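Morning, everyone. Please have a look at the model on the screen, and then I'll walk you through it.

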Amino acid sequence: QVQLVESGGGLVQAGDSLRLACAPSRRTFLWSAMGWFRQAPGKEREFVAQITWGGGKTTGADSAEGHFTISTDNDKSTIYLQVNSAKPEDTAIYYCAASTSWRDGKYEYAYWGQGIQVTVSS
């Protein structure tokens, strides 16, 4: 089983930016799509952003343009999520997820990281 290891979380002030990273434990892991999700206490898990192997990018419908930027290294071994101008409402546990299959019009995310805390103070 491939593990997804997140890093880069922590405490930031509103208006600051931060970048999360996700690295699959197996370098040769071939994924179809990588996604970032988040969950705040008492709320449902929310989709944040997705990038496909081919480079297609998607962000959540409620996200302001430019607020989240998803990207990968050139060798696609690490996936990043940049949060620009962080807001207190961005406070949540952020999860990295990987998909190796597509079904019923969606990527199936079967691999999940442990999650990493992001706290934005006002």
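How many salt bridges does the count come to? By the rule I'm using, a salt bridge is a side-chain nitrogen of Lys or Arg within 4 Å of a carboxyl oxygen of Asp or Glu. The count comes to 3.

Quick note on the source. This is a predicted model, where local features need pLDDT of at least 70, side-chain atom pairs count only at pLDDT 80 or more, and totals for chains, interfaces and linings use all residues. Residues are numbered from 1 along each chain as its sequence is written, and side-chain values use heavy atoms, with hydrogens and water left out.

Back to the salt bridges. Take Arg 38. Its side chain meets Glu 46 at 2.8 Å, N to O. Arg 38 also forms a salt bridge with Asp 90, with the closest N and O atoms 2.9 Å apart. Arg 38 lies in strand S4 and Asp 90 in the loop between S8 and S9, so this pair ties together parts 52 residues apart in sequence. Strands here are DSSP runs (E, at least two residues), numbered from the N terminus. Together, Arg 38, Glu 46 and Asp 90 make a network of salt bridges.

Buried or exposed? Buried means under 20% relative accessible area, exposed over 50%, partly exposed in between (1.4 Å probe, protein chains only). Arg 38 is buried, at 11%. Asp 90 is buried too. Glu 46, at 28%, is partly exposed.

Now Asp 75 and Arg 27. Their closest N and O atoms are 2.5 Å apart. Asp 75 sits in the loop between S7 and S8, Arg 27 in the loop between S3 and S4, 48 residues apart. Arg 27 is exposed, at 63%. Asp 75 is partly exposed, at 42%.

Next, the sheet. Four strands form an open antiparallel sheet, in the order S1-S3-S8-S7. Strands pair if DSSP finds at least two bridges between them. S1 and S7 stand at the edges with a single partner each, so one side of each has no neighbour in the sheet. S1 and S3 pair over 4 bridges. Glu 6, for one, has Cys 22 in S3 as its bridge partner.

Last, the core. A nonpolar core is a set of buried Ala, Val, Leu, Ile, Met, Phe, Trp, Tyr and Cys residues joined through side-chain atoms within 4.5 Å. The largest one has 27 residues, and Leu 4, Trp 36 and Ile 79 are among those touching the most other members. S9 gives the most to this core, with 4 residues.
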